[in-house]
Amino acid sequence: MKTWKLVSGILSIIIFAIVEFQSCAAGVANALEDNGGTSGTVGFLCGILLLAGGIVSIAVRKSQGKGGDIALIILFGLTALMGFVGAGNYSDLVIWSAWALLIAILALVDLLKNKR
């Protein structure tokens, strides 16, 4: 399971950059339309959590304890929850939230599989 943690960490950091640029554009669109939307802000926060989750995923890939998997479940689960709830007019956030949910599920599987 070390490999998927490294790969998902690297991909999450790359996705962070994409999410941040898109959320800035969504925030500008919300401001110009004056529609009261918050999807740009939610996207920005999800991007920060994706970056944190990616860094944690890379850092704990060789750990033997349960703490790393629990941290990944919390970070990526919170990202998925925020993204699905607050997508609004930023529809790509649903895709990035699905990625975060996939990583949270894989971390849960790893946690349950390796009862240490």
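Reader: How do α3 and α4 cross, and at what angle?

Author: Keep in mind this is a predicted model. In it, the axes of α3 and α4 come within 8 Å, crossing at roughly 155 degrees. That makes α3 roughly antiparallel to α4, since angles over 145 degrees count that way.

Reader: And is the crossing left-handed or right-handed?

Author: Left-handed, as α3 passes α4.

Reader: Which residues of α3 and α4 make the contact?

Author: From α3, the list includes Ile70, Leu72, Ile73, Phe76, Ala80 and Phe84, along with Asp69. α4 brings in, among them, Leu93, Val94, Leu101, Ile103, Leu108, Leu111 and Asp110.

Reader: What's the breakdown by class for α3 with α4?

Author: You get 16 nonpolar, five polar and two charged residues.

Reader: OK, now α2 and α3. What's the angle there, and how far apart are the axes?

Author: Helix α2, residues 39-59, packs against helix α3, residues 67-86, at about 160 degrees, and their axes are 9 Å apart. So α2 is roughly antiparallel to α3.

Reader: Which way does α2 pass α3, left-handed or right-handed?

Author: That's a left-handed crossing. On the α2 side the contact includes Val42, Leu45, Cys46, Leu49, Leu50 and Val56, plus Gly53 and Gly54. α3 answers with residues including Leu72, Leu75, Phe76, Leu78 and Met82.

Reader: How many charged residues in the contact of α2 with α3?

Author: No charged ones; the contact has 13 nonpolar and seven polar residues.

Reader: Let's stay on α2. How far does α2 reach, first C-alpha to last?

Author: It has 21 residues and reaches 30 Å, close to the 30 Å expected at 1.5 Å a residue.

Reader: Switching topic: Val85. Where's the place of Val85, and is Val85 buried or exposed?

Author: Val85 is in helix α3. Val85 is exposed, because its relative accessible area is 69% and over 50% counts as exposed.

Reader: How many residues apart are Val85 and Ala52, and what's the C-alpha to C-alpha distance?

Author: They are 33 residues apart in sequence, and their C-alpha atoms are 20 Å apart in space.

Conventions:
Residues are numbered from 1 along each chain as its sequence is written. This is a predicted model: local features need pLDDT of at least 70, side-chain atom pairs count only at pLDDT 80 or more; totals for chains, interfaces and linings use all residues. Side-chain values use heavy atoms; hydrogens and water are left out. Axes are lines fitted to C-alpha atoms, for helices over the stretch in contact, and angles run from 0 to 180 degrees between N-to-C directions. Helices (H or I, at least four residues) and strands (E, at least two) are DSSP runs, numbered from the N terminus. Angles under 35 degrees count as roughly parallel, over 145 as roughly antiparallel, 65 to 115 as roughly perpendicular and the rest as oblique. A crossing is left-handed if the near helix is turned anticlockwise from the far one by less than a right angle, and right-handed if clockwise. Contact means heavy atoms within 4.5 Å. Ala, Val, Leu, Ile, Met, Phe, Trp, Tyr, Cys and Pro count as nonpolar, Asp, Glu, Lys and Arg as charged, and the others, Gly among them, as polar. The expected span of a helix is 1.5 Å times one less than its number of residues. Buried means under 20% relative accessible area, exposed over 50%, partly exposed in between (1.4 Å probe, protein chains only).
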